[in-house]
Amino acid sequence: MIRLENITKVYKMGDTELHALDGVSLHIKPHEFVSIIGPSGSGKSTLMNMIGCLDVPTSGRFWIDGVEASKMTDNQLADLRNQKLGFIFQQYNLLTKLTALENVELPLIYRGIPTAQREEMAKKALDRVGLLDKIHHKPTELSGGQQQRVSVARALSANPSLILADEPTGALDSKSGIEIMQMMHDLHDEGNTIVIITHDLNIAKQAERIITIRDGKITSDIDNRGDMADATNVKGSDIGDSTDGKAADLDADLKNAYINNLINDNTGGAE
Ligand SMILES: Nc1ncnc2c1ncn2[C@@H]1O[C@H](COP(=O)(O)OP(=O)(O)OP(=O)(O)O)[C@@H](O)[C@H]1O
Ligand SMILES: [Mg+2]
């Protein structure tokens with residue numbers, strides 16, 4: 001489903017080079033439920049942006065469903081993203097001027113699905129997350145947990161082959177966080193492939209496979225299924241504290257870039 005081979009991402013800041021990803025190789029199979037955990041600045045979001053075709057690596061190759069994405073143009077990547085991927089972000093990234101229904105319709109617009117069918121699919125997705133009574137609400141008229149449920153509905157509305165979530169519970173109270181994680185489990189049970197990025201060990205432990213990243217390198221990759229699995233192999237000290245928030249602003253920029261890209265790309269416009 002996803003294969004990364006020796007992926008690097010180097011940011012040049014003046015004279016210094018920052019290796020945000022330093023030779024990452026990874027294979028994610030269909031129907032896997034994977035968590036990627038690591039301290040702040042370890043490269044989690046950078047990795048998600050690679051897997052999600054939101055950014056291109058400095059070197060290395062990667063494939064999605066057997067198609068080599070590392071050789072694609074920006075437009076081809078945008079198409080691939082729209083066809084195959086669903087995204088959930090910590091800050092929901094809903095468009096504030098649009099209603100819940102319209103937000104969920106966005107990925108469907110980019111897929112060229114006709115209006116009537118689109119509305120039906122979006123309503124189905126919102127029903128799925130228990131928000132059928134809020135479809136005409138704008139994000140500011142919804143609680144954080146509800147906004148994240150809208151973004152889950154948006155991620156799944158177009159039946160993507162892979163759902164990518166970057167700290168999906170990071171901004172939520174614990175009850176809403178549990179609800180969102182339950183949805184991830186349900187989506188996984190229905191056969192979806194899920195990758196969750198987190199710095200919360202309790203979230204990471206819920207996945208079938210736990211990958212730890214540190215300083216841009218994968219430092220462990222643990223099978224967390226069945227009796228033999230032992231997620232406690234991932235020590236708290238492997239993860240470190242991630243409260244410095246250094247990367248948070250950059251993340252916001254990347255996400256804005258993603259939304260802008262979705263809005264302005266080659267799909268004929270959403271407005
Ligand atoms: N656009 C950029 N320009 C320069 N450096 C960047 C850029 N984006 C990320 N970085 C740097 O790359 C490293 C990895 O960042 P990344 O956002 O992937 O971390 P993260 O693991 O997601 O952290 P967090 O848990 O805080 O979200 C950090 O040192 C960060 O400062
Ligand atoms: Mg991040």
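These legends describe close-up views of one predicted model. Local features need pLDDT of at least 70, side-chain atom pairs count only at pLDDT 80 or more, and totals for chains, interfaces and linings use all residues. Residues are numbered from 1 along each chain as its sequence is written, while chains are lettered from A and ligands numbered from 1 in the order in which they are written.

**View 1. Six strands form an open sheet.** The strand order is β6-β7-β8-β3-β9-β10, and the pairing is mixed. Strands are DSSP runs of E with at least two residues; helices are runs of H or I with at least four; both are numbered from the N terminus. Two strands pair if DSSP finds at least two bridges between them. The edge strands, β6 and β10 (217-223), each pair on one side only. From one strand to the next, the twist averages 15°.

**View 2. β6 and β7 run parallel.** Five bridges join these two strands. F89 stands opposite D166 in β7. Strands of a sheet pair through backbone hydrogen bonds, either parallel or antiparallel.

**View 3. Helices α5 and α6 lie across strands of the sheet.** Helix α5 (residues 144-157) lies across β6 and β7, at about 170° to β6. Helix α6 lies across β3 (33-37), β7 and β8 (193-198), at about 155° to β8. Axes are lines fitted to C-alpha atoms, for helices over the stretch in contact, and angles run from 0 to 180 degrees between N-to-C directions.

**View 4. Helices α3 and α4 cross at roughly 120°.** The axes of α3 (residues 100-110) and α4 (residues 115-128) come within 9 Å. Residues of α3 including L101, V104 and L108 meet residues of α4, among them M121, A122 and L126. Contact requires C-beta atoms, placed from the backbone, within 7 Å.

**View 5. Y92 and E167 have positive phi values.** Most residues other than glycine have a negative phi. Y92 is not a glycine, yet its phi is about 65°. Y92 is in the loop between β6 (85-89) and α3. For E167, phi is near 50°. E167 is in the loop between β7 (162-166) and α6 (174-189). Y92 is buried, with 22 other C-beta atoms within 10 Å; E167 is buried too, with 23. Buried means 20 or more other C-beta atoms within 10 Å of a residue's own, exposed means 12 or fewer, and partly exposed lies in between.

Definitions and conventions
Contact = placed C-beta atoms within 7 Å.
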